Amino acid sequence: MKKIGIYPGTFDPITNGHLDVIKRALKIFDELIVAVAVSSYKKNPVFTVQERVHFIKETTKGIKNLKVEPFDGLLVDFLKEKGAVAIVRGLRAVSDYEFELQLAHANRRLFKEAETVFLMPSEEYSFLSSSIVKEIAYFGGSVKNLVPAVVEKALKKKFKSSV
């Protein structure tokens, strides 16, 4: 039986830190599904779900055993639907851990078989988040080496800045 992992998030936009976690997760799972959240009650994405899925697919071309799919609703329902064995979450700092632990417990409450695997990105990406990237781009800073080229170009167009 294939071990399928689900890496969920808004990925607004995908960063090099996300890509690092994807590559690490693929060393553990036979297949990884990057689950792009269509909607969120607390986030208002800058990019549409179609754009976010496109960025990830474009950036991960050639990576075997990786799928990218939008999802809407409860993550545990998506987990069951895909027959996945675990949720993959990236941890950058201790502050992430507290929030992610709450999510892991909530998911397990909703679906007792839900396991969560925490992966840390490389040190060079330990500070990186989509929010930081968007703020840098919004104010005209360079996001080169923080995001894939396709995302850098899209941010430049979106914010009409010199990223």
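Q: Which residues are linked with Glu-31 in a network of salt bridges?
A: This is a predicted model. A salt bridge here needs a side-chain nitrogen of Lys or Arg within 4 Å of a carboxyl oxygen of Asp or Glu. Glu-31 belongs to a network of such contacts, and its partners there are Lys-2 and Lys-67.

Q: How many salt bridges does the count come to?
A: The network of Lys-2, Glu-31 and Lys-67 is part of the picture. Pairs such as Lys-61 with Glu-58 also meet the rule. The count comes to 10 salt bridges.

Q: Is Lys-61 buried, partly exposed or exposed?
A: Lys-61 forms a salt bridge with Glu-58, with the closest N and O atoms 3.2 Å apart. Glu-58 has a relative accessible area of 35%, so Glu-58 is partly exposed. For Lys-61 the relative accessibility is 59%, so this residue counts as exposed.

Q: In the salt bridge of Lys-82 and Glu-81, what is the N to O distance?
A: Lys-82 is partly exposed because its relative accessible area is 24%. Glu-81 reaches 59% and therefore counts as exposed. Their side chains meet in a salt bridge, N to O, at 3.7 Å.

Q: Which residue forms a salt bridge with Arg-108?
A: Arg-108 has a relative accessible area of 38%, so it is partly exposed. The closest N and O atoms are 3.4 Å apart, and the partner is Glu-115.

Q: How many residues of strand S2 are buried?
A: S2 spans residues 31-37. In a regular strand, side chains alternate between the two faces of the sheet. On one side Glu-31, Ile-33, Ala-35 and Ala-37 are buried, and on the other Leu-32, Val-34 and Val-36 are buried.

Q: Which residue of S2 is the bridge partner of Pro-8?
A: Strand S1 covers residues 4-9 and runs parallel to S2, joined to it by 6 bridges. Within that pairing, the S2 partner of Pro-8 is Ala-35.

Q: What is the handedness of the β-α-β crossover from S1 to S2?
A: S1 and S2 run parallel. The chain passes from S1 through helix H1, residues 16-25, to S2. This crossover is right-handed.

Q: Which residue in S3 stands opposite Val-36?
A: S2 also pairs with strand S3, residues 66-71, in the parallel sense. That pairing has 6 bridges. Opposite Val-36 stands Pro-70.

Q: Which element gives the largest share of the lining of the largest pocket?
A: The largest pocket holds about 1,200 Å³ of space. Its lining has 45 residues, and the closest to the centre are Gly-9, Lys-43, Arg-89, Phe-99 and Leu-103. Two or more lining residues come from each of S1, H1, S4 (86-90), H4 (94-110) and H5 (130-138). The largest share is 8 residues, from H4.

Q: How many residues of the lining of the largest pocket are charged?
A: Asp, Glu, Lys and Arg count as charged. The lining divides into 21 nonpolar and 15 polar residues, and the charged ones number 9.

Q: How far apart in space are Ala-93 and Ala-114, C-alpha to C-alpha?
A: Ala-93 lies in the loop between S4 and H4. Its relative accessibility is 39%, so it counts as partly exposed. In sequence, Ala-93 and Ala-114 are 21 residues apart, and in space the C-alpha to C-alpha distance is 23 Å.

Terms used. Residues are numbered from 1 along each chain as its sequence is written. This is a predicted model: local features need pLDDT of at least 70, side-chain atom pairs count only at pLDDT 80 or more; totals for chains, interfaces and linings use all residues. Side-chain values use heavy atoms; hydrogens and water are left out. Buried means under 20% relative accessible area, exposed over 50%, partly exposed in between (1.4 Å probe, protein chains only). Helices (H or I, at least four residues) and strands (E, at least two) are DSSP runs, numbered from the N terminus. Two strands pair if DSSP finds at least two bridges between them. A crossover is right-handed if, with the strands pointing away from the viewer, the path from the first strand over the helix to the second runs clockwise. On a 1 Å grid over the protein atoms alone, a cavity is a set of points where a 1.4 Å probe fits but cannot get out, and a pocket is an open set with protein on both sides within 12 Å along at least five of seven lines; lining residues have an atom within 4 Å of a point. Grid points are joined across faces, edges and corners, and a volume is the space filled by probe spheres set on the points.
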